[in-house]
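Work through the exercises below with the sequence and the structure at hand. Try each task before you read its solution.

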Amino acid sequence: MSNEFYRLRVNGVDHDVRDAWAGESLLYVLRERLGLPGTKGACEQGECGSCTVIMDGEAVCSCLVMAATAVEADIVTVEGLAVDGEPTDVQQSFVDAGGVQCGFCTPGLIVAVHHLLDRNPSPSDLEIKEAISGNICRCTGYGRIFEAVRQARDARAANKG
Amino acid sequence: MRSPIGDHSSEHWHMSITNATTIDEALAALAVNPKARVIQGGTDLMVEVNFNRTTIDSVVSLRRVAELRRWHVDDDAHTLRIGAGVPYAEMERPPLCDHAPALAEAARTVGSPQIRAAGSLGGNLGTCSPAGDGLPVLSALDAVVHLRSQSGSRDVSVHDFMVGVKRNVRRGDELIVAVTVPLVTGFQGYAKVGTRNAMVISAASACLVHDAVAGTVRLALGAVAPTVVRARGAEAWLASQTSLVGTPMVSEALAREFGARAAAECSPIDDHRSTAEYRRHAISVLAQRLLLRAATGSATALRGIRQ
């Protein structure tokens, strides 16, 4: 496949991937070939969630997606969430609640929380825990992350009402 | 992050990928190259690739094959047919979870939400790990595995399909297209233990299916033998001790003996996840617990998770 190319649609933009080994993970291609390093790589075996992206509406680990099989998929990374450089409500709530310490797990969590709230705007505490159970944070102990999600949830409900 | 470029020598640089959109396209690619690796959700194969545990020269991807993501209930035959690519995330939610509750319970124990959005029974069967969470359920339900190739179709009992650790009878030119399980009236449940309570690969697992109409209890054990095994001795012994039609009368002593007999039927090993001794003990507890749950009709609640 080295002389061929494939096309990925990431954050609404088509990217041609050329001269790539076909077995590369989507995580690798995003970071090293498409210049989108917001998605983080740690375990590379689907345990930590730091590489979470949205693919065709599902939150998945990009380390477990063979990039060359993701043609025709709609891929959204953490870079695709902010509008005009302004933080999203979820990103702002993580800042406000102190849900960020070292920051390495943050992009994956932000993507997972957007996926949750877009699907279920009023999740219970248990549903929040379930939704981010695949995103491991070694700094915060999760308390401020849960608080950030609750703040984003409540703010969306208030804006709606 | 590891560089896949640096880690792969030039002879492995050329790798062909078939992004099939239909079963026929996938079968055509497999007919040409039966050594091609089949990828559905990627949760097994990509770990091998990322850690350079395998060299691959061609891949057939099923991600875009919509036919494999369908399931349907046959009301006349009282069966449920699940496409090989249906993700666990779908099995754990209504309406599919209502048709095979043990499968839903097993699906909820698989990895994280991200993994459950990708993983499938086709992948579980294809990889055929003794610790695969879907496999004890398929065994306890006497599932049939549907295989297809360009030269025809065949149906294989799940018991004959699994032949060893990560070994099954799928030929290289064949695709696992679906499994069929019976719709059973009565309790069914799945339980497992690992080194923690979530995001964990089973150290031991068990699935119990009570057919309250036929009066049978079927128990399958995972991660305690080269393949998932049925505790047929314990099943037969239980049937000889008490009527299993309707809600069974099960004393704690009976359940304990059932668990002990089930534990005697497995052949666990010591490995990085657990020890043979612990696994055997765990099976006795899981089998006992599942039988008591069957007797009290207490299915595990979803505990407030709306899916």
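**Exercise 1. The open sheet of chain B**

Task: In which order do the three strands of the open sheet in chain B stand, and which strands are at its edges?

Solution. The model is a predicted one. Step 1: the strands of this open sheet in chain B follow the order 1-3-2, and they pair in parallel. Step 2: strand 1 and strand 2 (37-39) of chain B each have a single partner strand, so they stand at the edges, and one side of each lacks a neighbour in the sheet. Step 3: from one strand to the next, the twist averages 20°. Step 4: strand 2 and strand 3 of chain B are joined by three bridges in the parallel sense. In this region B:Arg37 stands opposite B:Val59, which belongs to strand 3 of chain B.

**Exercise 2. A hairpin in chain A**

Task: Describe how strand 3 and strand 4 of chain A pair, and find the residue with a positive phi in their hairpin.

Solution. Step 1: strand 3 (residues 52-55) and strand 4 (residues 58-61) of chain A run antiparallel and are joined by four bridges. Step 2: A:Thr52 stands opposite A:Cys61 of strand 4 of chain A. Step 3: the hairpin has two residues between the strands, and A:Asp56 takes a positive phi near 50° there.

**Exercise 3. Backbone exceptions**

Task: Locate A:Asp84 and B:Ala223 in their loops and decide for each whether the residue is buried or exposed. Then find the cis peptide bond of chain B.

Solution. Step 1: most residues other than glycine have a negative phi, and most peptide bonds are trans. Step 2: A:Asp84 is not a glycine, yet its phi is positive, at about 55°. The loop that holds A:Asp84 runs between strand 5 (74-76) and helix 2 (89-97) of chain A. A:Asp84 has 4 C-beta neighbours inside 10 Å, so it counts as exposed; the cut-off for exposed is 12 or fewer.

Step 1: B:Ala223 also has a positive phi, near 65°. Its loop lies between strand 13 (216-222) and strand 14 (229-230) of chain B. B:Ala223 has 30 other C-beta atoms within 10 Å and is therefore buried, the cut-off for buried being 20 or more.

Step 2: the cis peptide bond joins B:Pro94 and B:Pro95, with omega about 0°. B:Pro95 sits in the loop between helix 4 (88-91) and helix 5 (96-99) of chain B.

**Exercise 4. A residue at the end of a helix**

Task: Which helix of chain B holds B:Gln241, and how far is B:Gln241 from B:Leu254?

Solution. Step 1: B:Gln241 belongs to helix 11 (residues 232-241) of chain B. Step 2: 15 other C-beta atoms lie within 10 Å of B:Gln241, so this residue is partly exposed. Step 3: B:Leu254 is 13 residues away along the chain, and the two C-alpha atoms are separated by 8.3 Å.

**Exercise 5. Chain B as a whole**

Task: Why does the radius of gyration of chain B agree with that of a compact globule?

Solution. Step 1: for 307 residues, a compact globule would have a radius of gyration near 19 Å; chain B has 20 Å, and therefore the two agree. Step 2: along the principal axes, the C-alpha atoms of chain B fill a box of roughly 65 × 45 × 40 Å. Step 3: 50% of the 307 residues of chain B count as buried. Step 4: among contacts in chain B with a separation of 6 or more, 67% are between residues 24 or more positions apart. Step 5: chain B contains 13 helices and 14 strands.

How values were computed: Residues numbered from 1 in each chain as written. Chains lettered and ligands numbered in written order. Predicted model: local features only at pLDDT ≥ 70, side-chain atom pairs only at ≥ 80, totals over all residues. Pairing = 2+ DSSP bridges. Axes fitted to C-alpha atoms, helices over the stretch in contact; angles between N-to-C directions. Rg over C-alpha atoms; globule rule 2.2 N^0.38 Å. Contact = placed C-beta atoms within 7 Å.
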